[in-house]
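Welcome, and thank you for joining this tour. Please open your viewer and have the selection tool ready.

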Amino acid sequence: MFQTMRFRTPVIIFGMNVVNLIGEEARKIGGKDVFIITDRGVAEAGLLEKVLEPLKNEKINFEVFDQVEPEPPLENLMEAFRKAKSCKVDLFIALGGGSSMDMTKVVSALMVQEADVRDLFGVEKVTKPGLPTIMVPTTSGTGSEVTRMAVFTDKAENLKKVVSSHAITANVAIVDPMLTVTMPPKVTASTGIDAFIHAVESYVAINASPITDPIALEATRLIAENLGPAVANGQDLRARYNMSMGSLMAGVTLNNAGVGAVHALAYPVGAEYHVPHGVANVVTFAATMEYISIANIPKFVNLAKAMGEPVYGISSREAATRGIKAMQELAEKAGLPCRLRDIGARPDKIPAMAIAAFREKRLLGNTPRQLAEEDIRKIFENSF
Ligand SMILES: [Fe+2]
């Protein structure tokens, strides 16, 4: 009934071509020797140049690590850290998707806190702020530019490992929709649906608040309206603008209200089948929503309304169901694999995946319907 809450976000700069401001921003937070973390695809698409130019104009020195791998393994993280350690660095810039941003957060922390990276996995294990960071996303999806989370792949254990600490939150997020126009349709779809799931999961989350609710609903509306156009035509600037805004807003609610069961189930799916994070989420999304909606029908009605579904003259339960169907359709029309069988999953893996997902207590504890291991097994079965 009476809620205690905190609302956290980095400084956010959003708009067309705001990447041009990165030199000034770097200077403002004392950056003279910058270390940029990105991947080859982003560099080859000409986006790195858009960051380097304003830095050169401000006469800021820079080094570049452009070897970030998707869903980065720990070895890749340590490779970036070793290179950064060998350079003179007072500011990090991440340019890319979630992988580059997540890696930057933890490399910056390791520069200050001497620790084995494995000791940083878990909640609030990073105790000191790292070197300052500026995040520049080139996708509209993970929301990592405004969150305290960083996800890695532990190849030895075949598991996703998460660093969740407020100390790794960026100082500044520079969100420029123009950087997303070269993103291919498949990546637009998988990252966009991840953002959509952040909005929906954080809206119905236990830790949702009167501050996060309207942001999450508006993110739901923006992404529902613009994911299709952005996938269909990457040059549609209006769609790109709205997707970047929707994804940013969903990142803000992800960081402050949290997400839930879909992300818990996605960890073993991603680790087992090596699909992009958004795909690992979407394959159980509709089945999970279907399963948990009884916990809070009024909120599911609001989600249906935000998606433009007609909800008047029908029962609340029916309206909630329509909203969930619309979510499924949104993903299908974006060309995403929407069921476990679509990614080649095997039913005999369900028990082990249910055990693994059930360990994600933090996420399950934020889900409006309490889920036992048996419930998670059922959701996986319903997702086939
Ligand atoms: Fe996510």
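The stops below go from the sheet to the metal site and then to some single residues.

This is a predicted model, in which local features need pLDDT of at least 70 and side-chain atom pairs count only at pLDDT 80 or more, while totals for chains, interfaces and linings use all residues. Residues are numbered from 1 along each chain as its sequence is written, and side-chain values use heavy atoms, with hydrogens and water left out.

**Stop 1: the sheet**

Start with the cartoon view. Helices (H or I, at least four residues) and strands (E, at least two) are DSSP runs, numbered from the N terminus. You will find an open sheet of six strands in the order 1-9-6-4-2-3, paired in parallel; two strands pair if DSSP finds at least two bridges between them. Now select residues 11-14 and 61-65: these are strand 1 and strand 3, which stand at the edges with a single partner strand each, so one side of each has no neighbour in the sheet. From one strand to the next, the twist averages 20°. (Axes are lines fitted to C-alpha atoms, for helices over the stretch in contact, and angles run from 0 to 180 degrees between N-to-C directions.)

Next, select 133-137 and 172-175. Strand 6 and strand 9 pair here in the parallel sense over two bridges, and Ile134 stands opposite Val172 in strand 9.

**Stop 2: helices on the sheet**

Select residues 74-85. This is helix 4, which lies across strand 2 (33-37), strand 3 and strand 4 (91-96) and runs at about 155° to strand 3. Contact means heavy atoms within 4.5 Å.

**Stop 3: the iron ion**

Which protein residues are donors of the iron ion? Select Asp194 (OD), His198 (NE2), His263 (NE2) and His277 (NE2), which lie 2.1 to 2.2 Å from the iron ion. Donors are N, O and S atoms within 2.8 Å of the metal (3.2 Å for Na, K and Ca); water is not among the atoms, so sites may look incomplete. The angles among the four donor atoms are 83 to 164°, and the site is irregular. Four donors count as tetrahedral if all angles lie between 85 and 135 degrees; four count as square planar and six as octahedral if opposite donors are over 155 degrees apart and all others between 65 and 115; anything else is irregular.

Along the sequence, the donor residues follow the spacing D-x3-H-x64-H-x13-H. His198 in helix 6 (residues 185-204) and His277 in helix 10 (residues 277-292) link distant parts of the chain, 79 residues apart. His198 is buried at 2% relative accessibility, whereas His277 is partly exposed at 25%. Buried means under 20% relative accessible area, exposed over 50%, partly exposed in between (1.4 Å probe, protein chains only).

**Stop 4: two loop residues**

Go to Glu124, in the loop between strand 5 (122-123) and strand 6. Glu124 has a positive phi of about 55° although it is not a glycine. Then visit Asn158, in the loop between strand 7 (149-154) and strand 8 (159-164); its phi is also positive, near 55°.

**Stop 5: a residue in helix 8**

Finish at Asn242, in helix 8 (residues 237-256). Asn242 is buried, with a relative accessible area of 14%.
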